[in-house]
Amino acid sequence: MDPLRRSPSPCSSSRPSSPSTPACEMFGPIGIEAVLGQLKIKAMKMGFEFNIMVVGQSGLGKSTMVNTLFKSKVWKSNPPGLGLPTPQTLQLHSVTHVIEEKGVKLKLTVTDTPGFGDQINNDNLRPLDIEFLQRLCRTVNVVPVIARADSLTMEEREAFRHRIQKNLRTHCIDVYPQKCFDEDINDKILNSKLRDRIPFAVVGADREHLVNGRCVLGRKTKWGIIEVENMAHCEFPLLRDLLIRSHLQDLKDITHNVHYENYRVIRLNESHLLPRGPGWVNLDPASPGQLTSRRPFKVCRGAHDVSEDEF
Amino acid sequence: MASSEVARHLKRENIRSLTMSGHVGFESLPDQLVNRSIQQGFCFNILCVGETGIGKSTLINTLFNTNFEDHESSHFCPDVKLKAQTYELQESNVRLKLTIVNTVGFGDQINKEESYQPIVDYIDAQFEAYLQEELKIKRSLFTYHDSRIHVCLYFISPTGHSLKTLDLLTMKNLDSKVNIIPVIAKADTVSKTELQKFKIKLMSELVSNGVQIYQFPTDDDTSAKINAAMNEQLPFAVVGSMDEVKVGNKMVKARQYPWGVVQVENENHCDFVKLREMLICTNMEDLREQTHTRHYELYRRCKLEEMGFTDVGPENKPVSLQETYEAKRHEFHGECQRKEEEMKQMFVQRVKEKEAMLKEAERELQAKFEHLERLHQEERMKLEEKRRLLEEEIIAFSKKKATTEICHNQSFLATGRNLWKDKDRKNSNFL
C-alpha cells in the first residue's frame with residue numbers, strides 16, 4: 001500500500017543526546033509502544049487540516065487539477081471562453097471543505113489566485129516568474145507544476161523540464177522538497193528522486209471514461225484518451241503521492257517550524273527594541289545588532305557616573 | 001465516525017462536507033504523523049512525591065522494568081530537595097526520554113509546614129523555562145527538551161486509616177499544577193478488607209477537601225470503558241520489586257515472605273498492572289496533553305496577566321499582544337524620558353553647587369592673599385621707617401664724629417708741639 005516512510009523533520013534539528021542522559025536497557029517490553037496508538041486515536045479525533053494555494057493563470061486547469069487531486073468538486077470549474085473578463089487585480093479566493101476517508105477527516109482549504117501572469121509556454125521562466133518564485137520560496141513551500149502537459153510531447157516535456165530545473169538552480173529558487181531539510185540518507189535518496197522529476201508534468205481531468213474495460217479519469221481528445229493516473233501519460237500520480245500520501249505532514253511541519261518561525265522573528269523584530277527591565281518578557285538578543293542600545297540609557301548612565309565623581 | 005465536537009465546529013463554520021468519487025489516499029495521514037513523532041522521540045516526566053523509604057525508586061524500577069541507578073537516601077535532610085534524572089529508553093522503534101524527579105527528604109523534618117513549597121517551585125520553574133523559550137524571538141520549540149512534569153505519583157503511607165495532613169496540604173497545592181495520581185505504597189502490608197475501606201476513606205477525604213486528582217479520560221470510545229473502570233479503583237495499591245521469585249515454573253517479580261509470596265504482576269495481589277496499564281499504555285499521551293493544554297496554559301495565563309498583558313482592553317474590546325506591547329513600551333519610554341530629565345536636572349544642580357563652592361573658595365583665597373599683602377606692606381613700611389631712623393642716626397653720628405675730629409685737630413694745633421716733643425723724647429730714650 002502506501003510506503004510507510006519516515007517524514008523528514010525540518011533541518012537544524014538534529015537532537016543532540018546530551019551526555020548526561022544514559023541509555024537504559026529494559027529487561028522486557030512494558031508498553032511504551034502503545035503511545036503510538038494513543039497518538040493515532042488523538043489525531044483521528046482531532047482531524048487534519050491542509051491549506052493549499054494554486055497559482056497560475058486561469059485557463060491552465062488549476063481548478064480541474066485540484067478537483068482531480070481530491071476527487072471531488074472542490075471548485076466548480078469555469079470553462080474558459082465564457083466571455084467573462086479576466087480580472088485585472090490579483091484577488092485571492094478561498095474555499096474550504098471537509099473530506100473523509102476511512103475515518104480520517106481532512107479539512108481542506110484551497111486558495112485560488114485568478115488573474116496572475118501569462119501562460120508559460122515553451123519559453124524559459126520569465127523574469128516576473130523568477131522574482132515571484134524567489135519571494136514565494138522564502139515564505140512557503142513551493143511545488144512547481146507543468147500544467148496542460150498534454151500539449152507537449154515526451155521529448156518536449158523532458159527538455160522543458162530540464163530548462164526549468166536549470167533556471168531554478170541558476171536563480172537559487174529552493175522549491176520543495178528543500179535540500180537543506182533532508183534529515184538523513186533515506187530522505188536524501190527519496191527526495192533526490194523527487195527533485196529530479198520536479199516540475200511534474202500534469203494533466204487534470206474530472207471526467208471518467210471507459211478504457212479497456214476500466215473506468216479511468218482522463219481527458220478525451222480526438223486523438224486519444226489521456227489517462228490522468230497513468231504514469232506513462234502524465235505525472236499526476238507523483239504529484240498526488242507527494243502532496244497527499246507521503247509528504248503532507250512534512251509540508252505542514254516545515255510550514256510551522258520554519259516558515260512561520262521566520263515570519264515570527266521578523267515580525268517581532270519590527271516593532272521591538274524593547275529594553276530590558278523588571279517584569280518584561282525576556283526576549284533573546286540573539287545576535288548583536290538586533291537590539292541596538294538606546295540613547296536614553298546611555299545618557300542616564302553618563303549622568304549617573306558624573307554624579308558619582310569626587311571633585 | 002464523526003466526533004461530535006468536530007461536527008459541531010464544522011457546522012458553526014458553515015463548511016460543507018464533500019464526498020469523494022474515488023480513493024485519494026490521505027488515510028495515511030495518521031501514519032505520517034506517527035512517523036514524524038517516532039523520529040522526534042517522546043518525552044515523559046514523572047514526579048514522585050513521598051516519604052523517604054516508601055518505595056518510590058523501587059516502583060519506578062518495576063514500572064519501567066529496569067534498574068535505574070540510585071542509592072538509598074538518608075533520613076536526615078534538613079529540607080526537601082528534588083532530584084531529577086533523565087534516561088533514554090527504547091522499545092522497538094519508539095524512543096522515550098524519561099525524566100524521573102524524586103523528592104528527597106520529604107516528610108523527614110520535624111516542621112513540615114513548608115515541605116510542599118520546593119515541589120511547587122520546581123514545577124513552576126519548568127513551566128517558566130518553557131514559557132521563556134516560547135516567548136523568545138528566535139526559538140526552537142521542536143528541539144526543546146520539555147522538562148514540564150507530566151504526572152505526579154503521590155505515594156500514600158499504608159497506615160490504613162486516612163490521609164496525613166502533610167499529604168492533604170501537599171496535594172492541595174499541587175492539584176492545579178500537575179496531574180496527580182495517588183498510589184498506596186507498600187500495599188502488601190494492608191489486608192484486602194482494610195484496603196477497600198482505606199481506598200474509600202482516602203477518596204472521600206480527597207473529594208471533601210476539594211483535591212482534584214487526575215481522572216482517566218472517558219471521552220474516547222476506545223478507552224472510555226476501561227478508563228472509567230480504573231477511575232473507580234483509585235488510588236492504586238501498588239507493590240514494587242525487581243527481585244524474582246520462582247512461582248510455579250516461571251520466574252516472576254515478587255516479594256518473598258515467610259508466609260507467602262506477593263507477586264507484583266498478579267492483579268489479585270495488587271494494582272501494579274493497572275497502574276502500568278493506565279500510566280504508560282493507555283494514557284501517556286493524554287497526560288502530556290493535559291499538562292500542556294491545562295496546567296501550562298493556566299500558569300502562562302497567570303504569568304502574563306501578572307506582567308500586565310491582557311486580552312481584553314478597558315472597554316471590553318479585544319486587545320492584541322502587540323497593542324499591549326506598544327502601550328507598555330510607550331509607558332516605559334515615557335518613564336525613561338522622565339528619569340532622564342530628572343537625571344539631567346540633578347546633574348545641572350550638582351554642577352551649579354560645585355561651581356558655587358569653587359567660587360567661594362576662590363573668593364576666600366583672594367581675601368587671604370590681599371590680607372597677606374597688606375601685612376607685608378605694613379612690615380615694609382615699618383622697616384622703611386626703621387631704616388630711615390637708622391640712616392638719620394648714622395648721619396648724626398658721622399656729623400658728630402666730624403665735629404669731634406675738628407675739635408681735636410684745633411686743640412692739637414694749639415698744643416701740638418708739646419705733644420710732639422714729649423713724644424720724641426719718649427721715643428728717643430728707647431733708641
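**Pocket, ring cluster and helices of chain B**

The second largest pocket is lined by 30 residues. Nearest its centre lie B:G53, B:G55, B:K56, B:S57 and B:T58. The model is predicted. In it, this second largest pocket has a volume of about 660 Å³. Two elements of chain B, helix 3 (56–64) and strand 4 (94–104), each supply at least two residues of its lining. Helix 3 of chain B gives the most, with five residues.

Chain B is assigned two domains. Domain 1 spans residues 37–307, and domain 2 spans residues 319–406. Taken over C-alpha atoms, the centres of the two domains are separated by 81 Å.

The whole structure holds ten aromatic pairs over all chains. One of the pairs joins B:Y257 and B:W259. Their rings are stacked, with 5.0 Å centre to centre and 5° between the planes. B:W259 has a relative accessible area of 70%. The cut-off for an exposed residue is over 50%, so B:W259 counts as exposed.

Ring pairs also build a cluster in chain B. Its members are B:F127, B:Y130, B:Y144, B:Y296 and B:Y299.

Helix 8 of chain B covers residues 272–282. Ten of its eleven residues are buried, so the helix is largely enclosed by the rest of the structure. The buried set includes B:F272, B:V273, B:L275, B:M278, B:L279 and B:I280. B:C281 and B:T282 are buried too. Among the buried residues are also B:K274 and B:R276. Each of these residues falls under the 20% relative accessible area that defines burial. An α-helix has 3.6 residues a turn, so residues three or four places apart point the same way.

A further helical stretch lies at residues 344–400 of chain B. An unreviewed UniProt entry places a "coiled-coil region" at these positions. In the model, the chain over residues 344–400 is 100% helix and 0% strand. The end C-alpha atoms of this stretch are 83 Å apart.

Technical notes. Residues are numbered from 1 along each chain as its sequence is written. Chains are lettered from A and ligands numbered from 1 in the order in which they are written. This is a predicted model: local features need pLDDT of at least 70, side-chain atom pairs count only at pLDDT 80 or more; totals for chains, interfaces and linings use all residues. Side-chain values use heavy atoms; hydrogens and water are left out. Domain bounds come from an automatic or database domain assignment. Rings of Phe, Tyr and Trp (its six-membered ring) pair if their centres lie within 6.5 Å; planes under 30 degrees apart count as stacked, over 60 as edge-to-face and the rest as tilted. Buried means under 20% relative accessible area, exposed over 50%, partly exposed in between (1.4 Å probe, protein chains only). UniProt positions are given in the numbering used here, feature names are shortened, and annotations may be inferred rather than shown by experiment. Helices (H or I, at least four residues) and strands (E, at least two) are DSSP runs, numbered from the N terminus. On a 1 Å grid over the protein atoms alone, a cavity is a set of points where a 1.4 Å probe fits but cannot get out, and a pocket is an open set with protein on both sides within 12 Å along at least five of seven lines; lining residues have an atom within 4 Å of a point. Grid points are joined across faces, edges and corners, and a volume is the space filled by probe spheres set on the points.
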